[in-house]
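Dear colleague,

Please find the structure below for your records. My findings follow it.

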Amino acid sequence: MAALAAAKTELVLIDYDDLVHAKNDADTAQKIAFAFGKDGLGVLAVTNVPQELRDQRLRLLGIARRLGTLPEETLAKYENPDLHYCAGWSRGREKFKGKVDTAKGSWYANGLHEDAANGDADLKARYPESTTEPAWPDAEVGDDMRGAFRSFSRSLYDLSRHVLRHCDAAVASAVAAKGFASDAKRLTAVTHERSRLHVGRLLHYYPRDDAPSGDDAAWCGWHNDNSVITALAPAIYFDDATGERVGAPAGAGLLAFSRSGAKVRVGAPPEGSILFQIGEAAQILSGGTLVATPHAVAAGDMARVSRESFALFVEPDWDEAMQVPTGCSLDAVLAPDDARADIIPPMRSRLTEVPVAFAKFLTDSIAQYY
């Protein structure tokens, strides 16, 4: 732990074999507990993932560029205003902290299921935004976009189970040390046993000529994810004029707000990595043992490049009643955000009592941000 403590602003790396095949399990558990705990950045990288995941990532991110550069009139056919632009294509339809967001275009769909409601008409009626399957622009992007989206999402989802089982162990240990009770598989159960709500977001970040120089959040402003955990495909970049893949512009990439209050540029992980970022649902369910990380995306020197990325939000079910471990106080969940109120809407303004249905917490959070 001494080595970890000396590197509080460095990205924690965990080898795929260590994570999945239980090699060096104690070391892996320690790294995960640190990365997502009170001293870490809230993000880690799983390195040396199988070639299949690498190929799935590159295929889908290539599709993201082809999608984002389609004519506006073509993309408009895939917007769903009746679903508040939460399924299919969305650009310039959302506001972030009161400002219309045109920096990126997004494609939203359930990462795993065409019928997320699983035939439940009542569920579909109550949550149409996240239970409706969009039409897919396979012909326009020249590939099976739906298949690429779902296959990569499934791989990320399966990998997230291994990360979450270590999270559960860390939470159980921390809660037991305080004399409280905890479900041994709480995070795994709410995401991998009881939920079908796992939203994928394919992102095309547009070249930014309009952003002020030095704006460290020009591509995406500071926020927390509301998920239990988010699987992130490390971004790739393209020259906007030539369409050739290029390196990241100087200063561009993921930023995290460290526990000490510093804005930290998260170093690019080794090629063949998948990032995992802890979210607010995990902070609630763990009683504050795991702490969500405020993060943003910097556009760097505003070179004429686009950024392509993908996030799978691994979440509780819509009606999952989120509760803190028995004996923990709500204040233990809320306290970590008090010092970050100038960066993100504090959770105290969005979470006043538990248990709370995940859908309500998500709705209240979106209202605060947007």
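An open sheet is formed by four strands in the order β8-β14-β11-β12, with antiparallel pairing; two strands count as paired if DSSP finds at least two bridges between them. Its edge strands, β8 and β12 (263-265), each pair on one side only. On average, neighbouring strands of this sheet are turned by 30° against each other, direction ignored. Within the sheet, β11 (residues 252-257) and β14 (residues 295-299) run antiparallel and are joined by five bridges; H295 of β14 is the bridge partner of A256.

The model is predicted: local features need pLDDT of at least 70, side-chain atom pairs count only at pLDDT 80 or more, and totals for chains, interfaces and linings use all residues. Residues are numbered from 1 along each chain as its sequence is written, and side-chain values use heavy atoms, with hydrogens and water left out.

Helices (H or I, at least four residues) and strands (E, at least two) are DSSP runs, numbered from the N terminus. In helix α13 (residues 358-369), F358, A359, F361, S365 and Y369 are buried, that is, under 20% relative accessible area with a 1.4 Å probe, protein chains only. Seen down the axis of α13, these buried residues fall within an arc of 160°, so they line one face of the helix; the arc is that of the directions from the helix axis to the C-beta atoms.

Helix α10 (residues 186-193) has seven of its eight residues buried, so it is largely enclosed by the rest of the structure. The buried residues of α10 are R186, L187, T188, A189, V190, T191 and H192.

Yours sincerely

Technical notes
Buried means under 20% relative accessible area, exposed over 50%, partly exposed in between (1.4 Å probe, protein chains only). Axes are lines fitted to C-alpha atoms, for helices over the stretch in contact, and angles run from 0 to 180 degrees between N-to-C directions.
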